[in-house]
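Reader: Please take a close look at one part for me: the search for cavities and what lines them.

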Amino acid sequence: MQIKSTPLRVQETAGGQALSLGTAAASKLSRLIGYQTVSSRDPHQVRLEEFDGFISALPELFPLVHEKLSLERVNAHGLLYRWQGSGTDDVGGPLVLMAHYDVVPVQDPASWTHPPFSGEIADGRIWGRGALDDKGSLTAILEAAEQLLAAGFAPSRDVYLSFGNNEETAGDTAEAAAALLESRGIRPWLVLDEGGAVAGQAFPFVDRPVAVVGVSEKGILDVELSTEDAGGHASTPHRRGATARLARAITRVDARPLPAVLPEPTVEMIGRLAPSARFPGRLVFGNLRIFRRPLTRVLARMGGEPGALTRTTVAITQLQGSSASNVIASRATANANIRVAVGESVAGTVQRLRRIIADPSVSLRVVEGNEPAPVSATDNAQFALLEQTIADVFPDAVTAPYIMLGGTDSRRFTGICDAVYRFVPFRMSRQDRASIHADNESLNIETFGEGILFYARLLRGPGAGQ
Ligand SMILES: [Zn+2]
């Protein structure tokens with residue numbers, strides 16, 4: 001009995017601690033959600049007073065952080081804190097924790113149960129835009145630092161907190177922060193940004209939650225397809241005009257998806273899930289030498305998220321023809337939004353598209369392109385530290401690397417650090433994940449507390465205990 005009851009009590013203590021930490025900091029997150037820090041590519045749409053308000057609330061909420069850490073502004077509204085290390089264990093550079101406080105717009109406030117910028121605390125949750133993406137994580141980082149400072153803790157290595165104001169619009173603040181560190185000769189030992197989470201119901205045949213840690217990101221590429229024609233009056237059309245040739249090009253792209261391959265980190269992810277998987281998942285995941293090809297084909301055929309794991313994806317997002325209903329288009333364009341798979345390149349993808357379209361009268365122009373991020377290792381001390389910290393705070397979870405389908409600010413740091421990971425230490429159900437960038441975004445208070453605990457443990461290092 002004694003043996004059985006001890007771990008239970010430990011569990012209860014950790015859970016109780018998370019709940020009390022979350023409860024104590026809930027009003028801080030609530031207040032920060034109240035600032036409508038909606039980012040936009042159009043500078044006139046950005047309400048700078050909301051960003052200024054957010055920044056000026058921080059010293060009041062986290063007084064010790066603002067007393068003990070230095071803070072500099074990056075690109076006016078980016079924040080870079082430096083927590084100087086004691087230097088006792090300063091091997092391999094500082095630890096960088098990243099987050100962003102800009103949020104995406106709200107489509108229809110009426111469809112929210114609690115108003116999106118109210119930060120209401122109800123039903124054990126903190127409600128509002130940014131609760132999960134990414135003010136929750138930013139607040140948890142600051143709260144962890146505040147708690148550690150109150151306990152008289154000093155990190156052994158330097159710690160930087162880099163908070164962005166334009167992640168949602170792929171803005172340049174993170175790039176500027178990385179450039180600033182580089183100009184000072186700083187190469188971080190570890191960079192941790194948003195990305196994966198402790199995901200429930202994420203994989204078929206796996207009942208345990210999976211802590212997915214992003215080790216890379218697909219590249220993002222916009223290609224404009226365009227065709228030209230003489231134009232003229234719509235009453236006297238010719239065959240194979242600009243719009244018809246563009247449409248043919250689009251249907252060819254749609255009919256011929258790019259080749260499906262399971263990249264190495266995905267293979268490792270599946271292998272790590274095998275011991276926790278039910279039949280037949282356990283059999284397939286545990287024997288990828290045999291099942292790699294058939295599994296790739298199955299995932300690719302499923303399309304959607306499983307399909308996106310296996311290949312470079314192409315979505316035609318914008319179409320344009322002539323400007324009037326009775327005028328033949330002299331120029332027709334389509335935008336292809338492409339997510340470039342790890343192991344492939346922007347130039348290689350454009351070349352493949354040209355071959356698939358097989359029509360020299362269709363021009364392809366790269367509007368904007370980012371290569372896939374380099375893959376961070378899973379056999380180094382940095383990943384081991386993340387894995388250990390996850391095991392301490394989320395003992396029921398399996399840790400697995402994965403490739404992110406979307407982009408984060410952390411890609412800007414891959415030039416100055418080899419160990420860049422993407423993970424938010426919050427449990428997220430399928431429903432939670434669906435609320436990101438959608439309606440009714442909210443964060444469970446105990447989950448928030450676990451996140452604070454995670455960052456505190458990460459900052460204290462392994463074996464630090466509670
Ligand atoms: Zn985000």
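**Cavities and their linings**

Author: Two cavities of 30 Å³ or more turn up when the whole structure is searched. A cavity is a set of points on a 1 Å grid over the protein atoms alone where a 1.4 Å probe fits but cannot get out; lining residues have an atom within 4 Å of a point. The model is predicted, so local features need pLDDT of at least 70 and side-chain atom pairs pLDDT 80 or more, while totals for chains, interfaces and linings use all residues. Residues are numbered from 1 along each chain as its sequence is written, and side-chain values use heavy atoms, without hydrogens and water.

The largest cavity holds about 50 Å³ of space, a volume being the space filled by probe spheres set on the joined grid points. Its lining consists of Lys218, Pro263, Ala308, Leu309, Arg311, Ala341, Val342, Ile403 and Leu405. By class, seven residues of this lining are nonpolar, none is polar and two are charged. Asp, Glu, Lys and Arg count as charged; Ala, Val, Leu, Ile, Met, Phe, Trp, Tyr, Cys and Pro as nonpolar; the others as polar.

The second largest cavity has a volume of about 40 Å³. Around this second cavity are Val74, Gly78, Leu79, Met98, Ala99, Ser162, Phe163, Gly164, Thr173, Ala174, Ala177 and Asp409. At least two residues of that lining come from each of strand S2 (78-83), strand S3 (95-100), strand S6 (159-164) and helix H5 (173-183); helices (H or I, at least four residues) and strands (E, at least two) are DSSP runs. The lining of the second largest cavity has seven nonpolar residues, four polar and one charged.

Note on methods. On a 1 Å grid over the protein atoms alone, a cavity is a set of points where a 1.4 Å probe fits but cannot get out, and a pocket is an open set with protein on both sides within 12 Å along at least five of seven lines; lining residues have an atom within 4 Å of a point.
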